[in-house]
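Here are a few notes to read alongside the structure. Please keep the viewer open and find each spot as you go.

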Amino acid sequence: MGGLLQRNRRCSSSSSSDIPLSLFMVFFLAIFSERSLGVVSALEYSKDKQPSSLTLENIQKYLSNINKPAVLSIESPDGDIIDCIDKWKQPAFDNPLLKNHKIQMLPPDMPRVKGNENNSSRKNEERVEISGWGKQVWHQNGTRCPKGTVPIRRIKVDDVLRAQSPHDFGRKQPRKDPFFNVTVDEDPDTHEYAVVTSDPEFVLFGASAKINVWNPFTEEEEMSLAQIWLIGGDAIDRNTIEVGWQVYPRLYGDSGTRLFVYWTADGYESTGCYNIDCPGFVQVDQTIVVGGTLLQSSTPDPSQQYEANVKISKDSNGNWMLTYDGILVGYWPPILFTYLRESAEIVQWGGEVVNLQLDGSHTKTHMGSGQFPQERYGKAAFFRQLRVVEANDDEVPPSYISVYAGNPNCYNLDLHLSDNDEESPFFFYGGPGFSTTLCP
């Protein structure tokens, strides 16, 4: 998920039933004494494998740190528990770098907007408040988090067991630098990409796009996503901020389409994580859950197309703000980063899948809608209104852009450029993965 950069195609553009007593006691504690933290028995995780008491003890300790005491807990129809956490006690402040951080609720240079987000194209002087209610599955419960709290998805024992250890939970593994001089076949993590890259000669202060939302088929242990990457630095020093939607059963325990974020300051080595699974991202909005399931996904029908309007941008205090459909969800303080502390060097938009070749052939995991770009609107997934953020929060079409599809017979991308089209640049992308003739 670190993206893939190619510089050579540039275009200019304006389980056992016998359980030891000690293990039983751990299970008992897991179910009862930790119920306030939403910890469930690991028996629910697997009928074939039983975790050791030491494993469960480590997980319990980890969960007691990451799951903060809730003011209110909300059960979501998809099985998630959403905890409403005092905003000043959220996980972000466990990061030593944020020990004295003061929450910035709204940047001084960001207008307040009120009313329906569909009318958000009206001038900023209307200064209204946009609600994120109704966008995620947990909203169907009808209960909102109280004022002064933020909604955070509770982490359970099963979630951590799927990752094999607390250390690995919510984190990507460091790998060979995927940005330079690496083909898909050489990537040891078998990540495949179809992306558009902007690598201008000037610094960047953010990026945005309207991202078509789908629920692609994903094989066991694999992942499919669509996102924006902001990138700074090289190889082991790479800094990234990544935002979009993903289907990732190993991380979430289901096949729902979820809003996600990721960050790292050292090439995925020891810093950063998905969502709020480690301290770093500061949540400010009380309606949107980072890692929460999206309520609507597109279907192969032109009248049933849904999209997420995603923007990452620097505010006047240097924070990297995440805005989702006009809602300021939260931000990454600049102190978390090195190369991204001041600005970004590269931005990418596009899709990514993990291809583990579990049965010896290419994965059947879909990218985007699972259709190739030539199927166009209503069938193929798309990104539109690609923009980069310059000084003074000006959003402009990217320049010096290149296209990369590492395995075009499996997943491809078709970029469209026009100086006279406000949707430009836009692109269709994706594919079905395995086929006996094209993608064996």
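Predicted model: local features only at pLDDT ≥ 70, side-chain atom pairs only at ≥ 80, totals over all residues.

1. You will find Tyr 400 in the loop between strand E17 (395–396) and strand E18 (401–405). Its phi is positive, about 50°, although Tyr 400 is not a glycine.

2. Now look at Gln 357, in the loop between strand E15 (346–354) and strand E16 (381–389). Gln 357 is partly exposed, with a relative accessible area of 41%.

3. Next, a peptide bond to check: Ser 424 and Pro 425 are joined in the cis form, with omega at about -10°. Pro 425 belongs to the loop between strand E19 (412–416) and strand E20 (426–430).

4. Is Val 329 buried or exposed? Val 329 is buried, because its relative accessible area is 0% and the cut-off is under 20%. This residue sits in strand E14 (residues 327–332). Leaving aside residues up to four places away in sequence, its contacts include Phe 281, Val 284, Ile 288, Leu 322 and Tyr 324. Gln 286 is 43 residues from Val 329 in sequence, yet their C-alpha atoms are 8.1 Å apart.

5. Finally, the largest cavity holds about 80 Å³ of space. Among the residues lining the largest cavity are Ile 66, Arg 153, Tyr 252, Asp 277 and Val 290. The lining comprises six nonpolar, three polar and two charged residues. Val 290, one of the lining residues, also touches Val 329.

Key: Residues numbered from 1 in each chain as written. Heavy atoms only, no water. 1 Å grid on protein atoms, 1.4 Å probe; cavity = no way out; pocket = protein on both sides within 12 Å on 5 of 7 lines; lining within 4 Å. Points joined across faces, edges and corners; volume = space filled by probe spheres on them. Nonpolar A, V, L, I, M, F, W, Y, C, P; charged D, E, K, R; others polar. Helix = DSSP H or I, 4+ residues; strand = E, 2+ residues; numbered from the N terminus. Buried < 20%, exposed > 50% of the residue type's maximum accessible area, 1.4 Å probe, protein only. Contact = heavy atoms within 4.5 Å.
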